[in-house]
Amino acid sequence: MFDSLPPALILLAGALLIAVLRGYWRIGVVLLAPLATLLAVWQVPDGIVATLPFLDYTLQIVEGSPLRRLFATVFAGMALVGGLYAYRTARWYELSAAYAYAAGAIGVCFAGDLITLFLYWELMALFSTVVVWCGNSAAARAAGIRYAIMHLLGGIILKVGIEGVVVHTGSIDIQPMLATNFDTWMILIGILINAAAPPVSAWLADSYPESSPTGSVFLSAFTTKTAVLALILMFPGEKVLIGVGLFMVMYGIIFALLENDVRRILAYSIVNQVGFMVCAVGIGTQMALNGAAAHAFAHIIYKALLFMSAGVVIYRTGKNKCTEVGGLFRTMPVTAFCGIIGALAISGFPLTSGFTTKTMISQAAADESLVTVYMLLAAASAGVFLHAGIKFPWFVFFQRDSGLRPKDAPWNMAAAMFVLVALCLGIGAFPGLFYQFLPYPVEYTPYTASKVLFYLQLLLFSGLAFFLLLPLMRRTETISLDTDWLWRVLLNRVACSIGAFISALLAAISRVTDKVLTRSKKACAKQMNTDLDANDDEELGLFARSWPIGRTAMWIAVLLTGYVFAYYL
Amino acid sequence: MKDSKHRDDHWLVRPKTIRLLWLAFSVVLTLTVLAQLVISIKGYVGVDSWFGFGAAFGFLSCVAMVLFAKLLGKVLKRREDYYREGADDV
């Protein structure tokens with residue numbers, strides 16, 4: 001059944017050990033469990049490796065392929081670097097939950113069937129909620145509950161789809177499909193909810209910035225990217241995804257431009273970047289799927305780097321608003337440098353990982369003659385530089401002198417950031433080494449003079465636009481409404497008005513019944529003369545008077561006659 | 001010296017440095033456009049091989065996005081405690 005231990009179980013065991021061990025033993029597990037997982041990931045051969053009988057089905061617990069190993073590698077790597085970044089400041093339960101969450105993500109990577117996928121999917125939902133809660137504030141607890149509701153809802157939709165597919169096709173295998181009927185639509189929607197697709201993108205920007213400075217590093221890596229992997233595995237070439245992806249790309253840019261919270265800017269840019277990948281899956285060619293996988297890999301690294309850099313700022317200053325920070329480059333040169341490298345990478349500057357991966361997606365659109373898609377992706381690339389590439393480092397590290405003089409990153413956080421800086425620049429400088437791990441053979445040269453020049457023009461002039469339009473982008477202490485307004489406010493108001501209506505209705509009913517009761521009581525009291533204070537001079541009530549015996553006899557006779565009639569009828 | 005109050009500040013934020021940075025930035029911008037005289041950009045959709053197209057497209061799409069965000073902000077922006085009102089009992 002098991003040729004080797006499933007990698008996800010190794011990390012899950014690590015998460016358990018972190019919870020029970022203390023001191024150096026725990027630190028040892030934090031650093032060694034992801035390493036052991038990483039080794040196990042690379043040992044997984046192609047094809048189905050481990051199976052488990054469950055009811056009438058045979059679960060394929062571990063199925064290997066280059067694509068699955070690629071995603072599992074970056075997830076295990078992120079657990080390792082995230083653990084290094086977090087272990088001195090994060091509580092044990094945050095580390096433990098983060099590792100269980102990462103284990104869920106790695107489990108999804110190797111899931112060969114829909115049931116296993118679903119189980120690990122829910123494991124992720126469960127422990128990522130705990131990571132959000134570790135933000136340890138009233139806002140984090142409320143956001144965590146909203147996050148959990150959204151993901152459990154997504155899980156149910158996914159489950160409905162899986163049940164449908166299993167019942168109607170009889171197969172639990174994960175295989176490419178298109179959204180053609182109810183079942184497949186449910187699966188697609190369930191996955192897209194985790195990818196932060198519209199109209200529920202808001203869950204991401206709502207919850208991630210409420211987590212702890214270390215928690216957001218883990219959160220940024222797993223949920224949305226496992227959704228991208230699931231899309232690559234199940235919905236390559238599903239044309240709906242092109243539109244969904246383009247919407248996400250633009251939504252992320254516009255909302256990030258409006259935002260004041262540093263980590264919320266980065267959260268919106270996750271939606272933006274995942275949009276590129278979703279769009280690529282929609283294009284569905286080998287080049288596009290390679291691009292989606294490569295971009296997911298690169299994105300996890302630079303986005304974690306950006307969240308780490310923002311995390312150090314929040315850890316050192318306790319402030320998370322653009323309006324509160326600024327000028328931090330003076331005392332935080334290391335954090336500023338790492339943040340800038342992350343920002344350049346996300347913008348896809350030549351020599352960074354963003355350039356060598358994102359341009360594959362644009363190339364795939366061009367190859368398929370999708371002119372509009374190509375142009376929108378180019379505009380979006382410029383927009384990424386605008387909202388994340390310059391806006392994040394500018395407002396945090398430069399802008400104005402906020403007077404804050406915090407210390408730079410602690411050594412472990414700096415070390416974690418430098419590892420990711422090296423990866424961002426490495427994938428950017430030596431793309432050939434990285435391309436060989438992609439699912440399909442790569443025939444793509446990112447560094448042609450023409451391409452580099454085009455993107456340099458695009459990016460540098462969007463930089464010019466940023467500085468010229470700076471007065472328009474003055475940060476205000478505001479938040480922006482999103483679709484979550486519908487359930488956080490409108491639904492609340494509707495529920496409140498329904499409640500108010502029902503209580504008004506009940507009050508009206510009780511008023512009427514009260515009135516009827518008191519009146520009838522009064523009438524009874526009057527007729528029976530139970531009211532002892534009543535004036536003796538008043539005429540006695542109907543039931544309190546004395547009646548002549550003759551009249552009583554007559555009524556008895558009438559009743560008996562009626563009875564005799566009724567008997568004979 | 002009109003720069004006297006900035007003299008104690010970090011060299012990077014002194015007005016003189018910032019003027020120099022703008023100058024250098026302008027030179028780089030001009031060069032990236034002029035480089036197209038030497039290097040031809042391979043277009044995929046026709047227009048993208050025009051002279052300076054990348055520069056103009058990048059600049060204009062950013063202006064459009066910023067303006068659109070600004071307009072949308074008029075409708076969507078709320079005070080920071082918008083969701084917190086009446087939610088203290090949660």
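Which strand of chain B does β3(A) pair with, and in what sense? Strand β1 (residues 77-79) of chain B is the partner, and the two pair in the antiparallel sense over 3 bridges (strands pair if DSSP finds at least two bridges between them). In this pairing, I479(A) stands opposite R78(B).

A word on what you're looking at: this is a predicted model, where local features need pLDDT of at least 70, side-chain atom pairs count only at pLDDT 80 or more, and totals for chains, interfaces and linings use all residues. Residues are numbered from 1 along each chain as its sequence is written, while chains are lettered from A and ligands numbered from 1 in the order in which they are written.

Now step back to the whole meeting of the chains. Here 39 residues of chain A are in contact with 37 residues of chain B (contact puts C-beta atoms, placed from the backbone, within 7 Å). On chain A's side, α19(A) gives the most, with 14 residues (helices are DSSP runs of H or I, at least four residues, and strands are runs of E, at least two, numbered from the N terminus). That side divides into 29 nonpolar, 7 polar and 3 charged residues (Ala, Val, Leu, Ile, Met, Phe, Trp, Tyr, Cys and Pro count as nonpolar, Asp, Glu, Lys and Arg as charged, and the others, Gly among them, as polar).

Over in chain A, have a look at helices α3 (residues 66-86) and α4 (residues 92-110), which pack at an angle of about 170° with their axes 8 Å apart (axes are lines fitted to C-alpha atoms over the stretch in contact, and angles run from 0 to 180 degrees between N-to-C directions). The two are therefore roughly antiparallel (angles over 145 degrees). Among the residues making this contact are F71(A) of α3(A) and Y99(A) of α4(A).

Conventions:
Contact = placed C-beta atoms within 7 Å. Parallel < 35°, antiparallel > 145°, perpendicular 65-115°, else oblique.
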